[in-house]
Amino acid sequence: MIDIPFEQARLKEISGVGKSVGFFVMLFMILLGGLAVCSMLVTRFEGMTVQLAVLRAIGYTKKEISSWLIWEGILLGVLGVLIGFLIDATIFPFLRSALGSALPPADLVASSSIQSYPIWLMAMLATIFSVVVPVVKMSSQDIHSSLKGL
């Protein structure tokens, strides 16, 4: 009465579409999270325009300030990744047990913190990219006009 191979193929097709949509939503959320981190840091560094001009005026070179900004971005990114990893490693097991049957069992679907590497990678890329914007703006910054605003 039922063509089993045909129905199995249909079921795989339906679940494949759901998997593709879920993957797209996940990528979209990671992208939005990365953009949020990037915009927050760009805004922070944008507010430092006068401080960067003062540092340039007292003798720091563009290379020194650029390396300082890059290191600050890397340190912020690494610290954010470490905090996120610790939260993921400590809270997710409790969350999994609290949700009970709403999630698949742990032996069926492994969910280690290492599998969140796309999110950690996106966070690092967002912080590094957010440092590029002020470094580029600083290289074309007119110190005199920036300090006039004081």
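Predicted model: local features only at pLDDT ≥ 70, side-chain atom pairs only at ≥ 80, totals over all residues.
Visitor: How do you know how far to trust the chain?

Guide: Look at pLDDT, the predictor's confidence in each residue, which runs from 0 to 100. The chain averages 81, and 95% of the residues score at least 70. Confidence is highest in α3, at 85, and lowest in helix α5 (residues 143-148), at a mean of 77.

Visitor: Okay, on to the rings. What makes F24 and F28 a stacked pair?

Guide: The structure holds two aromatic pairs, and F24 with F28 is one of them. Ring centres have to lie within 6.5 Å to pair, and planes under 30 degrees apart count as stacked. The centres of F24 and F28 are 6.3 Å apart and their planes are at 15 degrees, so the pair is stacked.

Visitor: Why is F24 called exposed, and what is F28 called?

Guide: Exposed means over 50% relative accessible area, and buried means under 20%. F24 comes in at 56%, so F24 is exposed. F28 has 43%, which lies between those cut-offs, so F28 counts as partly exposed.

Visitor: And what makes the pair of F85 and W120 edge-to-face?

Guide: For that label the planes must be over 60 degrees apart. The planes of F85 and W120 are at 65 degrees, with 6.5 Å from centre to centre, and the pair is edge-to-face.

Visitor: What does the pair of F85 and W120 tie together?

Guide: F85 lies in helix α3 and W120 in helix α4, so the pair ties together parts that are 35 residues apart in sequence.

Visitor: Are F85 and W120 buried, exposed or partly exposed?

Guide: Use the cut-offs of 20% and 50% again. W120 has 17% relative accessibility, so W120 counts as buried. F85 has a relative accessible area of 30%, so F85 is partly exposed.

Visitor: Let's talk about the largest pocket. How much space lies in it?

Guide: About 370 Å³. The pocket is lined by 19 residues, and the closest to its centre are V37, G80, V81, I119 and A123.

Visitor: Which helices supply at least two residues of that lining?

Guide: That would be α1 (4-46), α3 (62-99) and α4 (117-139). The largest share, seven residues, comes from α1.

Visitor: How do the lining residues divide by type?

Guide: They split into 11 nonpolar, seven polar and one charged. Take V37 and G80 from the lining: Val counts as nonpolar, while Gly goes with the polar ones.

Visitor: How do you know that S66 makes a polar contact with K62?

Guide: A polar contact needs a pair of N or O atoms within 3.5 Å. The side chain of S66 reaches the backbone oxygen of K62 at 2.7 Å. S66 is in helix α3, and with 14% relative accessibility S66 counts as buried.

Visitor: What about I70: buried, exposed or partly exposed?

Guide: I70, also found in helix α3, has 42% relative accessibility, so I70 counts as partly exposed. The C-alpha atoms of I70 and T127 are separated by 9.1 Å, although these residues are 57 apart along the chain.

Visitor: And why is V135 called buried?

Guide: Buried means under 20%, and V135, found in helix α4, has 17% relative accessibility, so V135 counts as buried. From V135 to L75, C-alpha to C-alpha, the distance in space is 16 Å, and in sequence they are 60 residues apart.

Key:
Residues numbered from 1 in each chain as written. Heavy atoms only, no water. 1 Å grid on protein atoms, 1.4 Å probe; cavity = no way out; pocket = protein on both sides within 12 Å on 5 of 7 lines; lining within 4 Å. Points joined across faces, edges and corners; volume = space filled by probe spheres on them. Helix = DSSP H or I, 4+ residues; strand = E, 2+ residues; numbered from the N terminus. Phe/Tyr/Trp six-rings, centres within 6.5 Å; stacked < 30°, edge-to-face > 60°. Buried < 20%, exposed > 50% of the residue type's maximum accessible area, 1.4 Å probe, protein only. Polar contact = N/O pair within 3.5 Å; in protein donor to acceptor, adjacent residues only side chain to side chain.
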